[in-house]
Amino acid sequence: MNQTVNVQELNERIRNESSFVDMINMEMDKVIVGQKHLVESLLVGLLSDGHVLLEGVPGLAKTLAISTLSGIVDARFNRIQFTPDLLPADLLGTMIYSQQKEQFMVKKGPIFTNFVLADEINRSPAKVQSALLEAMQERQITIGEETFKLDQPFLVLATQNPIEQEGTYPLPEAQVDRFMLKVVIDYPQLEEEKLIVRQNLAKEFPTANQVVQPDDIIRARGVVKEVYIDEKIERYILDIVFATRYPQHYGLDHFQGMINYGGSPRASINLALAAKAYAFIKRRGYVIPEDVRAVCHDVLRHRIGLSYEAEAENVTSEDIVTQILNAIEVP
Amino acid sequence: MVKRGTLGSVIFLMFLLAFIGQLRGQPYSVRATVDTNRIQIGDQIHLDYTVNQPETARVAFPSMEQRFSQDIELIRAYPRDTLESKSSGMIRVRQRLLITSFDSGAVEIPSMAFKYRHQQGVDSIVSPPVSLFVETVRVDTTRSIFGIKGPLGAPLSFAELLPYLLAALALAGLIWAGIYLWKRRKKHQPAAETPSKPDEPAHVYAFRELDRLKEQRLWQNGQVKLYYTRLTEILRTYLWMRYDIKTLERTTDEILLSLQNSELNDQQAYDQLSTILKTADLVKFARMEPAPGENESHLESAYAFVRATRYVEQAGGQETEGDQPENGENVNVKSEQQTQ
């Protein structure tokens, strides 16, 4: 069996470079019971340099998963609890006057770290959300007249609660699009929850070891971008994204009045990138349709604007993505 | 000149009678008045008969319809109205009539007798006659003759419009309901238009297409990717026709998982299919180029898979799958369309 040299070499490289993924998974399993999809999504975000929005009811180990991941990667981690009275300066930092030096000095905010957990991001007003999302996009912050590059890897993991909508500031569509993935976390299975209870009642709570350096992540990001994606897969990705915009062209006429706007070109880019990262996690040097389908819901669910008609019919973006995947021919 | 003199005499007489009545102090009296004594032909005026009577007495009014002359037309008789009188113990009863006349010249509203009962018997009081002069429309002969005027448009009332409004609303409601039902029906149509299955047995389709693929000699001409794309298309369509699994919209893993839950129970055939699909994925998505022998063997495996899983029905009606005797005397290949 002869293989094209590039893909063979790439496969070999990926097998070497992605070995740390198994170690991360192993360490995560020590602390996080179940929630495989959450852990995979965090890795996809980490490896494709994309930020992740987590949605789930309280108590599903969102914060624990993120803090464990930062501990495994030997990266700095800050948690910011978003509240209605939070100010952009509380997040980014500000200029303070030093009486000793008789000059203004920069006091950096908690965003200057590797992993930021923006807890309950929708509890803060728009100006704070904008400050964070701008930093996510630009990966640099300007305080006074000075601009600071953020450390790499820089990953924002924001959480929001699907219940208790009173007194919240929902993220505008344009800003939610900055998140590469929106991961919806569900309750654990019965057996998993039994283990969780036992684990929490034990004398010592397990801790994860630091097994990866930030440089490994940065290097892996470069390899992820090299993962081979065939033209057929590209076409498949574009068909999926275009079906969110023009469902009638894909035999999904009944969605025509239900979608106000579909996925942007950023959705296509992120879907391809996330599929590559997923292939990397699965230790493959090429993308297959399974990779696209595995990340499709997380990439697209927050990028489809539903009309009032869809809401009246109880149709969710989740349903739309599922039906699109069931309607488009796999290459 | 003569008419004016007569009218003057009548008015004088009426005045005299009324004056004499008052002088005599009679408790009963009647008065007839009109809005005007000079009208244009067809004009409508009010004629009032006012009877002055004791509060307790009853006065019978004459039947008005029969009493008028041919010159006067009664249009409407209003209900009687009781009014207070200036004298104590007396009331005034008024009968108002709407009258008109279509004869020009002087006409007279005749006297009317109003009867009442008293201790000695029945007596009556008589209303004075009223003169009326009906004028014709003056024609200006100096001007040219005009055409006949059309009928005047009467203003439409809401009551007249109401039936039409209700009919329009009902029609609009029916149209809206029709559109709503049509849209609803359209909405509940299947998600995607499923291509119709070929009207032939699945294995007949698969063998024919595999033969065609073999004849095309794609991999021999360097079109390996196209060769495997076509090979998997044939197999996926065969599986869709044979097991009714939506293979065209599923990935390799999903297809294999679906087959595990289907009626396919030939492990060797399953493994053959798995190898073909997974190799095809590598060729299609990972630029793999199998050796020529492998290309040939995958095509043979595809033939073998179809042979092993084709639908056959035995003579006794018992269904089975896979290879059967070639002479086929007691084997009947059944169309999948009949079974689904």
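Modeller: Asp74(A) is partly exposed, because its relative accessible area is 35%. The scale runs from buried, under 20% relative accessible area, to exposed, over 50%, with partly exposed in between (1.4 Å probe, protein chains only). The model is predicted, so local features need pLDDT of at least 70, side-chain atom pairs count only at pLDDT 80 or more, and totals for chains, interfaces and linings use all residues. Residues are numbered from 1 along each chain as its sequence is written, chains are lettered from A and ligands numbered from 1 in the order in which they are written, and side-chain values use heavy atoms, with hydrogens and water left out.

The backbone of Asp74(A) deserves a look. Its phi is near 55°, a positive value in a residue other than glycine. Asp74(A) belongs to the loop between helix 4 (62-73) and strand 3 (77-81) of chain A. Helices (H or I, at least four residues) and strands (E, at least two) are DSSP runs, numbered from the N terminus.

Asp49(A) also carries a positive phi, about 60°, although it is not a glycine. The loop between helix 3 (36-47) and strand 2 (52-55) of chain A holds Asp49(A). With a relative accessible area of 27%, Asp49(A) is partly exposed. Another backbone feature is the cis peptide bond from Gln152(A) to Pro153(A), with omega near -5°. Pro153(A) sits in the loop between strand 8 (146-149) and strand 9 (155-160) of chain A.

Now the pockets and cavities. The second largest pocket has a volume of about 710 Å³. Its lining has 27 residues, and the closest to its centre are Glu55(A), Gln160(A), Lys182(A), Arg301(A) and His302(A). Elements of chain A that give two or more residues to this lining include helix 7 (173-176), strand 10 (181-184) and helix 14 (317-327). By class, the lining of the second largest pocket has 11 nonpolar, 10 polar and 6 charged residues. Ala, Val, Leu, Ile, Met, Phe, Trp, Tyr, Cys and Pro count as nonpolar, Asp, Glu, Lys and Arg as charged, and the others, Gly among them, as polar.

The whole structure has 2 cavities of 30 Å³ or more. The largest cavity has a volume of about 70 Å³. Of its 14 lining residues, the closest to its centre are Pro331(A), Arg236(B), Thr252(B), Asp281(B) and Lys284(B). Helix 7 (267-286) of chain B is one of the elements that supply at least two lining residues, as is helix 12 (289-300) of chain A. The largest share, 4 residues, comes from helix 7 of chain B. The lining of the largest cavity divides into 6 nonpolar, 3 polar and 5 charged residues. On a 1 Å grid over the protein atoms alone, a cavity is a set of points where a 1.4 Å probe fits but cannot get out, and a pocket is an open set with protein on both sides within 12 Å along at least five of seven lines; lining residues have an atom within 4 Å of a point. Points are joined across faces, edges and corners, and a volume is the space filled by probe spheres set on the points.

Next, the rings. There are 11 aromatic pairs over all chains. Tyr97(A) and Phe104(A) form one that is edge-to-face, at 5.3 Å centre to centre and 65° between the planes. Tyr97(A) is partly exposed at 47% relative accessibility, while Phe104(A) is exposed at 54%. Tyr227(B) and Tyr228(B) also pair edge-to-face, at 5.2 Å and 85°. Both Tyr227(B) and Tyr228(B) are buried. Rings of Phe, Tyr and Trp (its six-membered ring) pair if their centres lie within 6.5 Å; planes under 30 degrees apart are stacked, over 60 edge-to-face, the rest tilted. Ring pairs also link Tyr49(B), Phe61(B) and Phe114(B) into a cluster.

Arg245(A) lies over the face of Phe242(A), 4.6 Å from the ring centre. The rule asks for NZ of Lys or CZ of Arg within 6 Å of the ring centre and within 35 degrees of the ring normal. Arg242(B) lies over the face of Tyr243(B), also at 4.6 Å from the ring centre.

Last, one sheet. In chain B, 3 strands form an open antiparallel sheet in the order 4-9-10. Its edge strands are strand 4 (59-60) and strand 10 (121-126) of chain B, each pairing on one side only. Strands pair if DSSP finds at least two bridges between them. Strand 9 (113-118) and strand 10 of chain B are joined by 6 bridges. There, Ala113(B) stands opposite Val126(B) in strand 10.
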